Amino acid sequence: MEYNFREIESKWKKFWAENQTFKTEDNSDKPKFYVLDMFPYPSGAGLHVGHPLGYIASDIYARYKRLTGHNVLHPMGYDSFGLPAEQYAIQTGQHPVITTEDNIARYREQLDNVGFSFDWSREVRTSSPEYYKWTQWIFAQLFDCYYDYKTNKAERISKLISTFEQDGNGNVNACADCEVIFTAEDWNTYSPKEKEDILQTYRLAFLADSWVNWCPKLGTVLANDEIINGVSERGGHPVEQKLMRQWSMRIKAYAERLLTGLDTLDWTDSVKDIQRNWIGKSTGCSLFFPLWRGNEGEEITYSQDNIEVFTTRPDTVFGVSFVVLAPEHPLVEEITTAEYKDAVEAYKKAASLKTERDRQSDVKNITGQFTGGYVLHPFTNEKVQIWIGDYVLASYGTGAVMAVPCGDQRDWDFANHFNLEIKNIFENIDISESAYAEKSGKIANSDFLSGLEIKEAMKIAIEEIEKRGLGKGKTNYRLRDAVFSRQRYWGEPFPVYYKNGIPTIIETQHLPIILPEVEKYLPTEDGEPPLGNAKTWAWDTIKNTVVSNELIDNVSVFPLELNTMPGWAGSSWYFLRYMDANNESEFVNKEKADYWKSVDLYIGGSEHATGHLLYARFWNMFLFDQGYISFPEPFQKMINQGMILGRSSFVYRTLEGNTIVTASKKNEYNTIPLHVDISLVDNDKLNIEGFKQWRSDYADAEFILEDDGTYVCGFEVEKMSKSKFNVQTPDELVEKFGADTLRMYEMFLGPIEQAKPWDTKGINGVSNFLRKFWRLFHQGADYAFEITESEPTKDALKTLHKTIQKVTADLERFSFNTGVSNFMIACNELSDQKCNNRQILSDLVVLLSPYAPHICEELWMKLGNEAGSINKATYPKFNEAYLVSDSFSYPISFNGKVRIKVDLPSSMNAKEIEDHVMGMAELNKYLEGKQPKKLIVVPGRIVNIVV
RNA sequence: GCCCAGGUGGCGGAAUUGGUAGACGCGCUGGAUUCAAAAUCCAGUUCCGCGAGGAGUGUGGGUUCGAUUCCCACCCUGGGUACCA
């Protein structure tokens with residue numbers, strides 16, 4: 001039989017499903033291995049060829065690990081809460097549950113088409129109540145914990161309360177926004193509401209007022225990238241900054257551990273660096289500049305004594321020549337003198353009109369305004385001017401900087417622009433043209449710091465600042481706490497009700513709190529989130545169930561939270577659920593989590609570096625702190641697959657009319673490019689009749705063709721998208737070439753981590769390879785299965801073992817593209833050798849099975865093995881003895897350029913080789929009568945003659 | 001600006017420690033087979049040159065017997081980030 005991929009592939013897909021071939025047990029004598037893909041959001045568009053790239057790679061690796069004796073966990077699921085289903089519901093009224101189910105069914109069909117070895121018995125869906133019950137539970141745990149810097153982990157809030165009751169909060173060292181210091185006596189007099197307000201400033205999941213991008217027209221908060229030019233991306237409605245009471249996550253508490261934990265992970269430097277930058281640690285100190293209170297007899301009083309600045313360069317404190325506040329700084333109004341009032345007001349107004357984006361992009365334009373106020377230099381007591389300038393941000397540090405023009409370019413520019421003093425405190429450094437920002441060299445003109453190396457001076461300066469009580473060593477992080485509320489319908493409801501304004505958690509045994517039915521998915525008319533439309537959305541604390549809103553009496557029935565959780569809630573712990581996907585009493589059984597531990601190989605896109613990958617680490621660390629799991633980091637090794645780009649095709653239409661010009665002649669006319677559907681283009685040649693049908697408005701168009709009478713399209717590589725008509729679905733290719741070919745071709749395209757254009761041109765090559773591979777087992781015109789049982793030849797053994805060695809090494813370093821090449825080489829060599837030896841081919845089938853599982857399963861059975869058992873086969877063992885050859889073809893190079901080759905016995909040592917080479921007559925041609933200066937022999941590699 | 005990754009034929013890419021640059025595949029050229037096509041098979045294919053030969057891994061320098069690989073400077077592409085004090 002000729003290679004019939006359709007028959008073979010549908011047969012084995014059915015077999016694997018019926019026999020649950022890839023179901024994984026949670027206990028085994030074998031070592032465990034956890035291979036995970038980033039689970040997809042099931043969008044309506046279905047999969048395109050870019051999506052399965054990572055899944056194919058992880059599937060190959062999972063199958064390889066099974067063959068090498070591992071118990072492999074390789075699950076799949078759906079991140080099924082999300083905006084598109086909700087928007088579809090708003091437009092059509094169809095419940096997101098239905099949209100989501102339909103999309104998942106389509107995804108499943110597409111995934112099954114490719115022949116993945118997922119254990120579907122562990123499938124998770126973040127939108128199913130059985131799953132989000134535990135998302136709600138984790139939220140409740142976070143609510144019930146705070147971060148203690150003394151133990152450096154999350155602790156129960158009850159511990160904090162007992163500390164408050166005994167000692168107040170004076171000695172508490174926790175990550176908190178609490179601004180008051182209170183004693184035990186104070187605490188005990190507080191009302192329940194006052195106590196809870198304080199606790200909220202400590203909890204890891206907490207309510208706080210935060211500034212959000214609010215779009216009144218859409219009734220929702222928008223993320224920064226949902227806003228284009230100050231208006232909403234969707235609809236183009238105005239967006240304003242609004243202070244809203246929102247749930248947040250105190251991820252800041254974990255900033256340091258999220259940073260240091262990176263050192264233990266086997267991730268690419270680029271993703272680690274993205275996270276490092278995002279966390280943005282900077283160390284330095286805070287420093288207080290006392291406010292100058294005016295001349296004797298005319299003292300001014302201020303609401304505070306000092307302006308606090310944060311600096312990373314305390315060593316340059318003697319170079320301070322002015323202080324700059326953010327225009328929004330709360331002290332600006334007080335310190336501004338009558339003389340400068342109008343100018344300051346005007347400046348503040350101008351700054352407030354600029355959007356954050358304008359302020360950031362307009363870097364070259366230096367603006368600022370003197371306030372008339374002064375501070376005193378903390379060491380020299382000199383009067384220092386206070387300016388405001390919008391290069392200082394209210395949201396970072398203390399919203400105030402000490403300006404050291406000689407050491408910071410922005411300060412230098414500012415001083416230069418406004419003619420302010422530029423003191424030089426660096427030894428032998430010229431600062432007349434620009435600031436000196438290097439952290440090496442010596443400090444000068446700086447009292448007790450003079451003569452010190454900069455790094456040493458930093459240390460001494462902080463010590464001295466602390467000793468004199470002028471400030472404190474301090475570490476700042478750029479990382480912000482994460483807003484956790486969304487004004488959406490299609491997300492996890494919070495397990496929270498409001499008992500007379502106090503947020504109260506619903507106990508675990510009453511979870512899940514199921515998303516209520518609503519008539520409309522839009523915000524309510526008075527601006528409440530969509531859940532405000534629900535009629536049955538109140539919590540009965542006696543029956544412990546959700547009841548009608550009409551029953552709310554604020555005695556035993558209370559209103560429920562109307563916001564839902566963000567998309568990242570469910571995806572921050574799904575990798576744990578796979579270990580125990582159907583557990584009804586725990587989010588994951590501890591024993592099972594202890595067996596599977598962290599993910600050994602995680603494959604997914606690097607675009608999640610500052611989102612999912614950070615939040616998942618945060619939640620995992622928290623669950624670790626609380627002893628629910630025993631590993632602090634969730635993903636040990638990660639590979640980031642590159643994006644597959646589409647290859648768009650273009651036709652060129654003349655500006656004035658109905659003429660379509662071929663690519664090579666487009667410049668002779670005045671043309672514009674038009675995207676054309678890639679299904680109408682084969683090898684850049686346009687199917688003209690198809691094009692006329694596709695675009696009926698061009699049915700009568702005139703075509704200007706190439707000289708050979710064809711129409712050649714232009715192309716461009718861009719993102720795959722429907723609107724560019726360059727989407728290639730895996731289904732079409734599976735139909736045309738088979739899943740095994742698609743799998744191998746996607747791998748063959750190039751290194752997994754690299755972005756690369758999709759191009760089907762080369763797929764024939766892989767398809768040919770599989771047919772050729774099939775022919776190794778099938779002889780003659782009628783493709784009869786025929787295998788010899790004899791001893792394999794030396795050449796065949798050499799080919800086999802070379803292939804084992806290379807293919808295995810390729811897998812270990814995730815070089816799938818060279819793996820495919822090596823299979824091609826093996827197949828070519830064995831074809832040339834006319835090898836159809838059982839021993840050789842059996843091993844080769846096992847080797848190839850991770851890449852092309854269907855064809856290998858079929859051949860494995862034909863070789864007489866039990867049906868569907870190739871995943872239990874033994875991985876072939878490499879034996880170096882078969883690779884040893886008795887001669888080597890030495891390249892002889894002259895000054896590094898290879899000129900001659902000579903076959904010499906492998907046993908020859910360097911001296912023997914040298915003697916033999918020096919005796920060769922061919923050398924004369926290249927020596928041109930001269931004597932060689934030097935001769936280098938690297939046995940087994942090369943001979944180089946220096947002339 | 002700063003940080004990270006990368007730059008090799010007509011195209012995708014290979015070269016694990018400094019040792020034969022261009023594996024493998026596509027495409028292209030020629031041939032065999034065929035009534036014809038598909039499929040298959042054979043030969044060729046970095047560039048310049050009829051050839052001997054010369055040049056060649058973004059550019060310029062360096063180290064070395066020998067550099068795609070190491071060092072320095074620069075250019076370009078992609079990603080991240082940004083008046084972060």
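Over the ring of which residue does the charged end of Arg478 sit? The charged end of Arg478 lies over the ring of Trp278, 4.9 Å from its centre, where sitting over a ring requires NZ of Lys or CZ of Arg within 6 Å of the ring centre and within 35 degrees of the ring normal. The model is predicted, with local features needing pLDDT of at least 70, side-chain atom pairs counting only at pLDDT 80 or more, and totals for chains, interfaces and linings using all residues. Residues are numbered from 1 along each chain as its sequence is written, and side-chain values use heavy atoms, with hydrogens and water left out.

**Aromatic pairs**

- Across the whole structure, a search finds 71 aromatic pairs, that is, rings of Phe, Tyr and Trp (its six-membered ring) with centres within 6.5 Å, called stacked with planes under 30 degrees apart, edge-to-face over 60 and tilted for the rest.
- The pair of Tyr78 and Trp120 is stacked, because the ring centres are 6.4 Å apart and the planes stand at 20 degrees.
- Both Tyr78 and Trp120 are buried (under 20% relative accessible area, with exposed over 50% and partly exposed in between, for a 1.4 Å probe and protein chains only).
- The rings of Trp387 and Phe418 have centres 4.8 Å apart and planes at 45 degrees, so this pair is tilted.
- Trp387 counts as buried at 8% relative accessibility, whereas Phe418, at 23%, counts as partly exposed.

**Cluster**

- Ring pairs link Trp387 and Phe418 into a cluster that also holds Trp292, Phe322, Tyr340, Phe370, Tyr374, Tyr391 and Phe414.

**Charge over a ring**

- The charged end of Arg203 sits over the ring of Phe143, at 3.8 Å from its centre.

Technical notes
Chains lettered and ligands numbered in written order.
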